[in-house]
Amino acid sequence: MRGVCAVTISLVACLATARPAGAQTPDRSAQEKPDPVQQLPNPIGSFLGMPARFGWEQSAGALNTSNAQLACAGCPPRRVGTAFLQTTGINVLYGLGNLARGQVTARITPETWWANMQQGMVWDLDDFTVNQIGHPYQGNNYFNSGRANGLNFYESAALTAFGSATWEFFGETNHASLNDFINTTLGGITLGEMLHRAGWLIRNTHATGKRRLWSELGATAVDPITGLNRFMSGDAKRVTDKPPEFVPSSLSGMAAAGVLWRGSQSSAFTATGDPFLELDAYHGDPNIGRSRTPYDAFWLRMRFGGGSSFSEARVRGRLYGQPFANGAFQFSVIQTYNYLNNDAYSTGSQALDAAIGTTRALSPRTSFWILGWGGLTVLGAVDSLPLGVTERPVEEEPSAGQGVSEGPRFYDYGPGSDFGALARLTHDGHDIAMFFYLGRQIYSLDGVRANHFLQQARVDLLFPLRRPLGLGVSGEYFSRRSYYQDVASTVKTYHYPQLRAYLIWRSR
Amino acid sequence: MKGLWMCALACLIPAVAVAQNAPPAPSRLWIVAGAGAGTLRGHCRDCAQDFPFRHGPAIAGDAGFRVSPRTDIGVDLFWMQWRNDSGRIRATAIDAVAQFRPWTSKGFFVKGGAGMAFVRNWVHTMGPHPDDSKALAVVFGGGWEFNPKGRLGLQLFATQHVGALGDLQTVNGAIADVTGNFWSLGAAIVIR
């Protein structure tokens with residue numbers, strides 16, 4: 001009960017940061033009269049002793065006259081205290097949600113907080129999807145409470161770590177989890193910046209009326225925290241330019257829908273195909289330019305269907321870009337989020353890569369681009385079964401109560417490395433052939449004692465029909481070798497081919 | 001230990017005075033060196049034993065550069081040693097770390113990072129030869145920096161380092177799923 005009281009107070013504090021949407025005028029620069037609502041002193045901000053320029057005391061008048069405090073006309077004012085409080089509020093909302101679902105892990109008290117702090121961090125036994133998708137998504141909300149309140153990428157990254165750590169120690173009765181902390185923080189940064197930029201693509205800040213409302217609602221669906229902040233502050237109505245930081249140098253995408261035939265260890269391919277939908281988005285051009293703006297260029301891939309409802313998600317965001325050799329080559333540092341679920345293996349990881357790429361013009365209309373990379377996997381997860389077990393047993397209902405994971409857990413966690421290559425042959429600006437290879441090694445620190453080496457190779461051939469439509473076929477090969485650390489040093493190998501045929505729709 | 005504290009204080013006092021007289025030249029350097037008190041608690045999933053807290057001196061430091069007025073990135077070093085009846089045990093963690101100061105004029109900071117830890121022996125020394133283990137390491141913490149705008153300052157910090165050892169190989173066999181949590185409280189000199 002005391003815990004609930006504490007979180008309720010935090011929630012109220014968080015909501016107190018909101019400014020009424022109705023108090024805003026459409027154009028901040030045209031606003032002359034300070035809003036009386038904004039002039040009221042904010043007791044929470046005063047109590048915390050925050051400087052006016054960072055806290056809730058930022059009045060409408062101040063916004064109007066001190067654009068120097070804004071990074072740009074359409075940028076939110078910098079509110080560090082609000083960002084921290086909203087991050088805490090997000091934790092409160094997640095906790096209340098878990099409590100409403102009847103999860104016993106949500107029954108937090110100061111005693112559970114103290115017990116968690118005394119115990120420190122351990123590995124948890126949660127479900128693969130919860131850990132590899134759920135936690136990064138939760139982290140994205142922390143990250144965007146920073147972005148929505150004017151913090152830059154790296155500051156928001158720190159805020160994500162803060163939100164993640166406080167959730168682990170104070171949000172649940174479970175012991176704080178090391179894998180959750182890493183997945184929430186690093187995955188949250190990757191998904192957060194990607195979704196924040198995607199939200200800015202949807203948002204039309206020059207529109208008014210219903211068109212504007214729908215664009216803001218669409219952006220809010222993608223990036224809820226930024227959207228809610230904009231509705232609360234009135235920015236969702238204000239006509240301004242988009243922040244230049246969020247206008248990509250180029251934008252393209254491809255949707256592919258078709259059928260996929262999977263192979264297995266015992267047979268070449270399944271008789272019946274599985275439908276799938278795959279989406280690729282390219283924000284900015286990662287192949288050129290000196291860049292110090294994180295995620296000014298990123299690539300997103302998502303696949304639905306093809307053996308499981310959600311089978312693939314990849315985000316590769318550029319943190320740093322620098323051309324060299326007179327611009328012939330491009331060096332980049334890339335942060336990646338990976339989730340892949342297929343018959344060969346289920347894996348998820350957070351990694352940092354260094355990449356070198358080059359573009360060669362083969363003719364005035366045809367060019368070839370190749371990128372190679374290698375890096376560190378900070379934490380990777382891969383499904384596995386103990387030696388001697390051939391099938392994953394059906395999980396029983398937890399006896400310790402809903403929300404308590406008791407194991408066993410059929411996937412391993414550990415750091416590792418990765419390397420890969422991506423090549424694209426382009427004609428008239430359209431990809432006509434693509435090659436992708438990825439190798440990933442995960443050294444299991446928690447789970448079955450093994451060193452896993454995962455490989456994926458894929459070749460796509462694309463045939464343009466009538467623009468923007470086309471046809472595509474692809475061949476894929478998944479391979480997995482697990483080197484078990486048993487007495488016999490057992491090595492197990494799995495390999496699965498996969499074929500696809502699909503219709504594509506391209507956008508430039 | 002006492003000498004370290006004296007040294008830190010002796011260095012700090014004149015530096016603060018100098019920093020107040022002249023505005024510091026912009027520097028991207030970020031160096032932190034200090035010491036404190038550490039506490040360790042070991043854990044393994046299948047162990048029936050409940051490991052006690054163990055205490056010892058710790059040395060902590062950072063080296064890196066400033067990427068923005070509020071953000072520093074670099075390498076974090078943490079070293080802790082303690083003794084028990086069976087011998088001497090130590091842990092060293094080297095992490096890539098980012099430090100964030102929400103307010104440039106105030107000293108509050110949070111930091112976090114990940115890297116590797118090297119552990120010699122564990123909560124018990126087992127056998128005549130030391131058992132060396134490598135571990136995935138994570139660090140997070142916070143604190144307060146005095147004179148955050150000056151070239152030289154002092155910080156009080158509280159950090160938690162986590163070391164995930166996986167299988168701990170000992171002369172008595174492997175112990176699975178071992179993690180260690182290291183808490184430290186201390187003070188450090190900051191050079192910018």
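A salt bridge here is a side-chain nitrogen of Lys or Arg within 4 Å of a carboxyl oxygen of Asp or Glu. Glu155(A) forms one with Arg70(B), with the closest N and O atoms 3.9 Å apart. Between chain A and chain B the count is two salt bridges.

Some ground rules. This is a predicted model, in which local features need pLDDT of at least 70 and side-chain atom pairs count only at pLDDT 80 or more, while totals for chains, interfaces and linings use all residues. Residues are numbered from 1 along each chain as its sequence is written, chains are lettered from A and ligands numbered from 1 in the order in which they are written, and side-chain values use heavy atoms, leaving out hydrogens and water.

Next, the interface. Chain A puts 35 residues into the contact and chain B 28 residues, where contact means heavy atoms within 4.5 Å. About 2,600 Å² is buried between the two chains, 65% of it on carbon and sulfur atoms; that is the accessible area (1.4 Å probe) that two parts lose on being put together, summed over both. On the chain A side, Met121(A), Leu445(A) and Arg449(A) lose the most area to chain B, together 18% of what that side buries.

Now one residue inside chain A. Arg440(A) sits in strand E9, residues 430–443; strands are DSSP runs of E, at least two residues, and helices are runs of H or I, at least four, numbered from the N terminus. Is Arg440(A) buried or exposed? Arg440(A) has a relative accessible area of 4%, so it is buried (under 20%; exposed is over 50% and partly exposed in between, with a 1.4 Å probe and protein chains only). Its side chain makes a polar contact with the side chain of Ser349(A) at 3.3 Å. A polar contact is a pair of N or O atoms within 3.5 Å; within protein, one must be able to donate a hydrogen and the other to accept it, and residues adjacent in sequence count only if both atoms are side-chain atoms.

Last, the aromatics. Rings of Phe, Tyr and Trp (its six-membered ring) pair if their centres lie within 6.5 Å; planes under 30 degrees apart are stacked, over 60 edge-to-face, and the rest tilted. The count is 30 aromatic pairs over all chains. Trp200(A) and Phe246(A) are stacked, 5.7 Å centre to centre with 5 degrees between the planes. Trp200(A) is in helix H9 and Phe246(A) in the loop between helix H11 and strand E1 of chain A, so the pair ties together parts 46 residues apart in sequence. Both Trp200(A) and Phe246(A) are buried.
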